[in-house]
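Hello,

Here is the structure I promised to pass on to you. Have a look at it first, and then read my notes below.

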Amino acid sequence: MTPKNNQPTLIWKPIPGLQSRTFQENGAAGHGRLRPPAVGGFACISMPEKKRVPATIEFTPTTEQLLKHPLAVVALVPKEAAVFAAGAVAGAAAKTVTAPLDRIKLIMQTHGLRAGQESAKKTIGFIEALVSVGKEEGVKGYWKGNLAQVLRILPYSAVQLFAYESYKKLYRGKDGELSVIGRLAAGASAGMTSTLATYPLDVLRLRMAVDPGHQTITNVVVTMLKEEGLGSFYRGLVPTLIGVAPYVAVNFCIFDLVKKSLPEKFRNKTEASLITAFAAATIATVTCYPLDTIRRQMQMRGTPYKTVLDAFPGIIARDGVAGLYRGFVPNALKTLPNSSIRLTTFDAMKRLIAASEKEFQRIMEENTNRNEAKQDSSSARS
């Protein structure tokens with residue numbers, strides 16, 4: 001009998017020579033009793049299955065649908081790749097915009113060491129450094145070493161933001177929640193991961209920015225390898241890790257917690273992300289800036305400092321406590337907008353990706369429902 005309208009059919013057939021086993025069934029008192037063997041047979045319920053084509057062919061949005069709903073196109077890119085690319089582009093753009101301030105900061109941080117021991121007490125102010133670069137090197141001088149910086153920040157920003165999201169999943173508790181300690185650990189881990197991956201480029205950028213004897217990236221690399229060896233590309237790594245880990249941890253943790261505490265209607269606004277990122281970067285910068293000054297002086301060629309324990313008292317003895325915060329103003333002017341732009345872009349990208357996934361899923365569901373309706377109509381006619 002052929003079923004109609006997808007109705008199930010019960011089919012039973014005896015099978016000659018098949019004997020069913022006797023089995024023991026528990027009675028009310030817990031004692032078993034034997035049931036007589038029954039005639040061997042076979043029964044089944046069959047139901048015709050709708051013929052379906054693979055979902056990737058039938059339900060995937062068509063080109064016409066994607067043109068009509070362009071937001072869904074983002075969902076075609078793997079989420080991890082989209083976040084990784086967004087972090088790289090945001091980091092590069094932020095670094096290029098703030099490159100002049102970064103150059104001035106580096107000059108102020110390393111001026112005492114470059115000036116020589118006789119004039120080690122001499123300092124250079126922000127305005128003086130700003131004017132000096134313009135007079136000696138012109139407008140292009142403010143972006144000197146920026147290529148190496150962009151090459152460094154592309155992987156650095158991408159790895160850091162991607163790693164932070166990955167570490168947050170790793171450090172979640174058994175209840176699925178991420179504690180404050182977990183956020184701090186995720187930020188510190190992400191900071192160290194990105195630093196280890198890109199540190200040689202950071203040293204290269206510093207040499208080009210403050211050493212007038214080098215002109216090109218190739219020249220700097222060759223000179224460093226010949227005169228100082230491969231280890232020069234990792235000089236100051238330990239204080240860098242010590243400085244980056246708490247900075248990223250505090251910055252990202254405060255940003256996440258403040259955003260999470262905001263009312264729902266403000267949480268997804270760009271203005272809220274900018275203000276939150278600015279506040280988080282300010283606290284992190286004030287707390288961790290001395291370690292940044294120490295690592296910069298340890299990276300310089302001819303530095304007398306071999307360890308953090310040597311550099312810390314050495315800088316204080318030569319320049320006082322203020323020496324640890326030399327270049328803080330231009331650094332803050334650079335870091336605060338830089339961090340704000342980067343975190344805000346990353347936050348906006350995550351919202352964009354989520355919205356694109358919803359749009360893509362909605363189109364898939366429409367296609368699925370349309371296909372099932374066609375199949376039901378075809379079955380009814382048959």
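Cys-288 is buried, as its relative accessible area is 7%; buried here means under 20% relative accessible area, exposed over 50%, and partly exposed in between, with a 1.4 Å probe and protein chains only. Cys-253 is buried too, at 4%. The structure has zero disulfides, a disulfide being a pair of cysteine sulfur atoms within 2.5 Å.

Before going further, a word on the model: it is predicted, so local features need pLDDT of at least 70 and side-chain atom pairs count only at pLDDT 80 or more, while totals for chains, interfaces and linings use all residues. Residues are numbered from 1 along each chain as its sequence is written, and side-chain values use heavy atoms, with hydrogens and water left out.

Cys-288 also marks a kink of about 55° in helix 11, shortly before the proline Pro-290. The bend at a residue is the angle between axes fitted to the seven residues ending there and the seven starting there. Helix 11 covers residues 270-299, and its end C-alpha atoms are only 37 Å apart, whereas a straight helix of 30 residues would reach 44 Å at 1.5 Å a residue. That expected span is 1.5 Å times one less than the number of residues. Helices are DSSP runs (H or I, at least four residues), strands likewise (E, at least two), and both are numbered from the N terminus.

Now to the charged side chains. The whole structure contains 13 salt bridges, each a side-chain nitrogen of Lys or Arg within 4 Å of a carboxyl oxygen of Asp or Glu. Lys-168 pairs with Glu-165, their closest N and O atoms being 3.3 Å apart. Both lie in helix 6 (residues 146-170), three residues apart, or about one turn of the helix.

Lys-168 also forms a salt bridge with Asp-256, at 3.5 Å from N to O. Because Asp-256 is in helix 9 (residues 237-261) and Lys-168 in helix 6, this pair ties together parts 88 residues apart in sequence. Asp-256 is buried as well, at 15% relative accessibility. Glu-165, Lys-168, Arg-183, Asp-256 and Lys-350 are linked in a network of salt bridges.

Helix 9 has another link to look at. Lys-259 meets Asp-347 in a salt bridge of 3.0 Å, N to O. Asp-347 lies in helix 13 (residues 328-381) and Lys-259 in helix 9, so this pair ties together parts 88 residues apart in sequence. Both Asp-347 and Lys-259 are buried.

Enjoy exploring!
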